[in-house]
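The structure is shown first.

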2 protein chains.
Amino acid sequence: MLNFVTSNRSKFMEVSRILSKHGISVVHADIELVEIQDEDIEKVAVAKAEGAYSVLKQSLIVEDDGLFIRVLRGFPGVYSSYVFRCIGNEGILKLLDGVDDRYAEFVSVIVYRNDIESMVFKGVRRGRIADTIRYGRYAGWGYDPIFIPESEEFSYAEMYNKKDEISHRCIALRAFIEWYKSRYDIR
Amino acid sequence: MLNFVTSNRSKFMEVSRILSKHGISVVHADIELVEIQDEDIEKVAVAKAEGAYSVLKQSLIVEDDGLFIRVLRGFPGVYSSYVFRCIGNEGILKLLDGVDDRYAEFVSVIVYRNDIESMVFKGVRRGRIADTIRYGRYAGWGYDPIFIPESEEFSYAEMYNKKDEISHRCIALRAFIEWYKSRYDIR
């Protein structure tokens with residue numbers, strides 16, 4: 001059994017949907033964890049996985065992601081969810097009002113941990129911050145309505161199934177899936 | 001000997017200046033600590049003091065402060081220094097552009113820890129965010145140039161010695177000093 005540790009229901013739905021397409025089922029472990037403050041998203045995710053493993057003592061994955069806006073020196077970065085709750089997409093757009101450089105990266109880090117090993121998988125999607133909040137039929141959550149992936153016309157929120165195929169989270173998940181299936185001989 | 005644990009040289013200067021006026025001398029312990037992510041500034045400071053004590057094994061204080069802007073749901077709060085490095089005072093003013101409610105609180109938490117006890121002291125200064133960046137002769141650091149304490153005309157940065165007398169940090173320090181001097185019989 002593989003646990004996916006998160007307190008974010010939307011994230012669990014998205015991740016379990018992608019994993020199940022590849023024959024991997026995950027159980028939602030909604031436990032409160034102490035997170036560390038560090039601007040390195042990998043360090044934060046690894047510490048979270050260690051903390052979760054010390055509680056659960058079962059195979060698990062955690063996923064952390066962050067939006068890193070170049071002109072804002074990587075803000076909101078590892079504090080993306082806190083910043084979103086405080087200032088929302090409106091706040092990000094206000095900070096970028098009149099700013100030409102809208103380059104941003106959405107980064108996802110997945111950490112797998114069981115009793116014998118720990119592995120880190122990273123996915124990066126380059127893109128830019130939209131000029132307005134762009135919802136689509138697929139609503140989206142978090143910064144989805146303001147992030148437009150490179151060489152795409154639409155924001156994450158305006159894509160229906162396509163986000164599952166091209167997102168930073170999907171890139172990290174695919175790397176995890178490939179490793180996990182060969183390592184544990186899952187077909 | 002009392003250690004003041006901080007990686008912020010300006011903060012050390014400010015705190016040691018106030019403490020020395022009351023006959024308390026502190027040593028600067030510039031050690032790197034793992035901070036936890038939590039929106040409760042007291043929890044963050046207590047965890048930091050515990051972490052520092054486990055390394056130093058000597059009497060110490062840590063001080064954490066944060067600017068909590070009401071209309072931004074407490075942002076930048078416990079992440080004030082990270083947010084400052086990323087978006088600066090310009091960013092905060094941009095977020096509040098056209099916003100009437102400029103109420104904010106500057107909060108300081110001091111945690112004392114030695115081999116037998118731990119104490120928490122909190123100082124809160126109400127005020128508002130200025131419309132522009134207001135430096136003074138006393139330059140100031142961090143959010144000093146945009147925070148105007150309640151019933152004051154000037155920003156923290158525009159005050160010369162007065163900040164040391166009325167600041168959130170000073171309120172917390174005074175509570176600590178009073179307790180510390182009576183507890184350890186210092187005259």
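## Chain fold

Chain A contains five helices and eight strands. The coordinates come from a predicted model. Along the sequence of chain A, the elements follow the order β-α-β-β-α-β-β-α-β-β-β-α-α. The radius of gyration of chain A is 16 Å, close to the 16 Å that the globule rule gives for 187 residues, so chain A is as compact as a globular protein of that length.

Taken along the principal axes, the box filled by the C-alpha atoms of chain A is roughly 50 × 35 × 20 Å.

## Relation between the copies

Chain B is superposed on chain A by a rotation of 180° with 0.0 Å of shift along the axis, and the RMSD is 0.0 Å. The two copies are thus related as by a two-fold rotation axis. Within chain B, the C-alpha nearest this axis belongs to Ile36(B), at 2.0 Å from the axis.

The interface agrees with this relation in its residue lists: 100% of the interface residues of chain B are also interface residues in chain A, so the copies meet through the same surface.

## Contact between chains A and B

Chain B gives 17 residues to the contact, and chain A gives 17 residues. On the side of chain B that touches chain A, the elements that supply two or more residues are β3 (35–37) and α3 (80–95) of chain B. Helix α3(B) accounts for the largest share of that side, with seven residues.

By class, the side of chain B that touches chain A has nine nonpolar, three polar and five charged residues.

## Helices α1 and α5 of chain B

Which helix of chain B has an axis that comes within 11 Å of the axis of helix α1 (residues 9–21)? The partner is helix α5 (residues 168–183) of chain B, and the two axes cross at roughly 45°. The crossing of α1(B) past α5(B) is right-handed.

On the α1(B) side, the contact is made by Glu14(B), Val15(B), Ile18(B) and Leu19(B). Helix α5(B) contributes Arg169(B), Cys170(B), Leu173(B) and Ile177(B). The contact of α1(B) with α5(B) comprises six nonpolar and two charged residues, with no polar ones.

Methods: Residues are numbered from 1 along each chain as its sequence is written. Chains are lettered from A and ligands numbered from 1 in the order in which they are written. This is a predicted model: local features need pLDDT of at least 70, side-chain atom pairs count only at pLDDT 80 or more; totals for chains, interfaces and linings use all residues. Axes are lines fitted to C-alpha atoms, for helices over the stretch in contact, and angles run from 0 to 180 degrees between N-to-C directions. Helices (H or I, at least four residues) and strands (E, at least two) are DSSP runs, numbered from the N terminus. A crossing is left-handed if the near helix is turned anticlockwise from the far one by less than a right angle, and right-handed if clockwise. Two residues are in contact if their C-beta atoms, placed from the backbone, lie within 7 Å. Ala, Val, Leu, Ile, Met, Phe, Trp, Tyr, Cys and Pro count as nonpolar, Asp, Glu, Lys and Arg as charged, and the others, Gly among them, as polar. Copies are superposed by least squares on the C-alpha atoms of residues with pLDDT of at least 70 in both. The radius of gyration is taken over C-alpha atoms; the globule rule is 2.2 Å times the number of residues to the power 0.38.
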